[in-house]
Every structure is written in structure tokens, then in C-alpha cells.
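Me: I have a structure open and would like to learn how to read it. Can we go through it feature by feature?

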Amino acid sequence: MHIGMIGLGKMGGNLVRRLMGKGHACVVFDAQASSIAALVNEGAQGAHDVSDLVRQLPQPRVVWMMLPAGEVTEKTVLALKDLLQAGDILIDGGNANHKDDVRRSNQLSPLGIQYMDVGTSGGVWGLERGYCLMVGGTSSAFQTLEPVFRDLAPGQGEVPMSPGREGLSSTAHLGYLHTGPVGSGHFVKMVHNGIEYGLMQAFAEGFDILKGAGQDHIPEQRRYDLNLADITELWRRGSVVSSWLLDLSAIALAQDPQLAAFSGHVQDSGEGRWTIEAAIEQATPAQVLTSALNARFRSRQSPSFADQTLSALRHQFGGHQEPGKS
């Protein structure tokens with residue numbers, strides 16, 4: 001299948017590489033010419049601008065955006081609205097607000113352009129591991145692009161299906177899922193990221209307590225000089241807290257036991273805030289997720305080792321850099 005990709009950052013570029021590795025043809029565009037050139041060298045077709053990208057795609061066209069939420073995505077959607085035609089499909093795979101998805105779909109639907117929101121999780125590891133895809137849109141659009149989603153997803157691999165799911169007609173065990181109408185994909189991804197905040201915060205605070213056990217004011221007989229890198233490696237084997245986030249914690253601590261390279265200034269992306277807004281709208285209690293978001297705000301005033309851990313984790317799974325660092 002031919003796919004146009006707009007936005008070739010850490011996620012977009014690797015999505016293209018995984019697609020090409022599965023035999024799909026990709027036309028690519030990014031504001032950075034060097035990003036285009038790198039993928040052209042790997043077999044993609046480069047485009048000079050969004051209009052050129054659309055011209056190079058056979059009809060019906062499939063255009064996938066991997067852009068920052070907000071103004072950049074909005075301008076790109078408006079530009080594509082005038083370039084795409086009935087039967088074409090526009091995908092937003094970035095971390096957009098699901099309310100924007102619904103509005104944009106309502107703008108494009110009268111023109112016959114199908115809009116899809118694809119919550120995409122996997123970070124910089126997705127090229128190798130595959131991406132977990134949460135897909136919102138019409139059933140017809142999903143069916144058209146299911147081969148693409150299947151190739152991007154991890155597949156079942158060695159992870160067994162959960163007991164009781166045998167015989168269900170679902171693709172969830174393959175790593176991609178049609179979650180429902182437009183907006184639902186990004187809504188599910190939003191809550192996914194809100195949960196991620198809470199999980200990361202729990203690990204970070206736990207590691208901070210372990211590190212604090214060696215402080216001078218602790219009575220000497222209860223003062224422990226603990227090796228956090230060893231403990232995280234231990235917990236990866238047989239522990240009930242074993243997880244990919246723990247795996248990444250172990251990698252970060254093996255590389256830098258004191259996490260000295262991280263100041264602890266922890267950014268938050270929009271999904272954490274949007275998750276809390278959704279909880280408030282529903283009157284659904286979300287104490288842990290709200291506290292985790294507030295902890296990120298506090299980190300910008302008085303960073304701790306827990307905050308350094310959060311920064312290190314964000315760097316491990318997403319390649320996120322701290323402000324002012326490259």
C-alpha cells in the first residue's frame with residue numbers, strides 16, 4: 001500500500017521504516033529537509049511540501065500525520081482539506097485531543113474524506129517491537145487500512161492470549177484494535193498515558209525511598225546502601241511489579257546509577273491533563289493520576305531523585321529530552 005507520512009520525528013520516521021520493511025511504499029515530508037533525506041536514502045519517496053506529497057500518492061490516498069498536537073496539526077489538516085478528495089483517508093497518529101478529532105472529522109466528512117485517529121504507543125522501541133495501535137474511525141476505513149495496522153503492530157508473538165478470550169473476534173491480541181468511532185482511539189490513548197503517569201510515578205517514588213535508606217539521619221543499624229540497578233534487575237524476574245517500564249528503569253540505572261545526567265525537570269504532555277479533565281467531566285475519582293500530574297508540576301520547582309527517575313524513563317521509552325538539552 002502507498003502511504004504518505006507527514007512528520008518524521010522519532011515516531012514518524014520509525015513508522016515509515018517499519019512500513020517499508022513490510023513492503024509498503026512511503027512518500028514522506030517533514031519541515032526538516034535532513035529528515036526527508038535520511039528516509040529517501042532508505043527507500044522512501046521525498047516530497048517538497050504537503051501538496052507535493054499528495055500529488056505523488058495514488059488514489060484513493062492515505063495520508064498519516066505524526067505531528068505535535070495543536071497549531072501545527074491544525075494547519076496541516078486545513079491544508080490537506082483543500083488537497084485531498086472524496087475517498088481519501090487522513091490519519092492523525094500523534095497525541096491529539098479527541099475533541100479535536102471529532103471536530104476535524106465533521107469538517108472533512110462532507111467532502112467525502114475519511115478521518116481516523118490512531119493512538120500510537122511504542123516510542124523509540126516501536127521500530128523493533130512494533131506499535132500498540134488504538135484506532136478510531138469508521139469500520140470501512142479500518143477495514144481498508146487493517147493490513148497497515150497489522151504490519152505496524154507487534155503481533156501476538158510469545159505473549160499468550162488471556163484465558164477466556166478464546167474464540168473472540170478481536171484483534172486486540174495482535175496489538176491493534178478498532179476502538180470505535182472517530183475520537184475513541186485518541187481517547188483510549190489519552191487514558192493509557194494518564195495511567196502511564198501513575199505507574200511511572202509509583203516506580204520513581206519507590207526508587208527514591210530505596211535511595212533514601214542510606215541517608216545519614218537514618219539510625220545506623222537501619223541504614224542501607226542499596227544498589228538500585230541490581231534491585232531493578234532483580235525485580236524483573238518473578239516479581240509482580242515486572243513490566244516494560246521496570247525494564248526501562250533497569251536500563252537507565254545500569255547506564256547511570258545516580259541518574260546524574262537528568263536534572264529531574266519533568267515535562268508533561270497534554271494527555272495527562274486531558275485525562276484529568278475527562279475524569280472531572282465524568283465525576284470519576286482519579287486520585288493517583290491527578291497526584292502523578294501534580295508531581296510533574298512540582299518537579300519544575302524542586303526536583304528530587306524521583307523526578308530524575310521520571311526524566312530518565314521518559315528518555316528511555318520516548319527519547320524525550322529535558323528542556324535545554326539535546
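Me: Where does D52 lie?
Reply: This is a predicted model. In it, D52 lies in helix α3.

Me: Is D52 buried or exposed?
Reply: Compare its relative accessible area with the cut-off: buried means under 20%. D52 has 10% relative accessibility, so D52 counts as buried.

Me: Which residues does D52 touch, apart from its neighbours within four places in sequence?
Reply: With those neighbours left aside, D52 is in contact with G46 and A47.

Me: How do I read the faces of a helix?
Reply: Start with the general idea. An α-helix has 3.6 residues a turn, so residues three or four places apart point the same way. Now take helix α4, residues 71-81. Its buried residues are T73, E74, T76, V77 and L80. Seen down the axis of α4, these buried residues fall within an arc of 165°, so they line one face of the helix. On the other side of α4, E71 and K75 are exposed.

Me: Do β4 and β5 run parallel or antiparallel?
Reply: They run parallel, joined by 4 bridges.

Me: How does β7 pair with β6 and with β8?
Reply: Take each partner in turn. Strand β6 (residues 114-121) pairs with β7 in the antiparallel sense, over 5 bridges. There, D117 has G136 in β7 as its bridge partner. Strand β8 (residues 176-180) pairs with β7 in the parallel sense, over 4 bridges. There, M134 has L177 in β8 as its bridge partner. Strand β7 itself, residues 132-136, is mostly covered, with 4 of its 5 residues buried.

Me: Which unit do β7, α7 and β8 make?
Reply: Follow the chain from strand to helix to strand. With helix α7 (residues 139-152), β7 and β8 make a right-handed β-α-β unit.

Me: Where is T171, and is T171 buried or exposed?
Reply: T171 sits in the loop between α7 and β8. T171 is buried, because its relative accessible area is 16% and the cut-off is under 20%. Leaving aside neighbours within four places in sequence, T171 is in contact with E146, Y176 and L177.

Me: How do I read a nonpolar core?
Reply: In soluble globular proteins, nonpolar side chains tend to be buried together. Here the largest nonpolar core has 50 residues, and W64 and F149 touch the most other members. Helix α7 gives the most to this core, with 6 residues.

Me: What is F149 in contact with, beyond four places in sequence?
Reply: F149 is in contact with W64, M116, V118, L133, V135, F142 and Y176.

Me: Which residues does the second core include?
Reply: That separate core has 22 residues, including A204, L246, L259 and L313.

Key. Residues numbered from 1 in each chain as written. Predicted model: local features only at pLDDT ≥ 70, side-chain atom pairs only at ≥ 80, totals over all residues. Heavy atoms only, no water. Buried < 20%, exposed > 50% of the residue type's maximum accessible area, 1.4 Å probe, protein only. Helix = DSSP H or I, 4+ residues; strand = E, 2+ residues; numbered from the N terminus. Pairing = 2+ DSSP bridges. Right-handed = clockwise from strand over helix to strand, strands pointing away. Contact = heavy atoms within 4.5 Å. Arc of directions from axis to C-beta. Core = buried A, V, L, I, M, F, W, Y, C linked by side-chain atoms within 4.5 Å.
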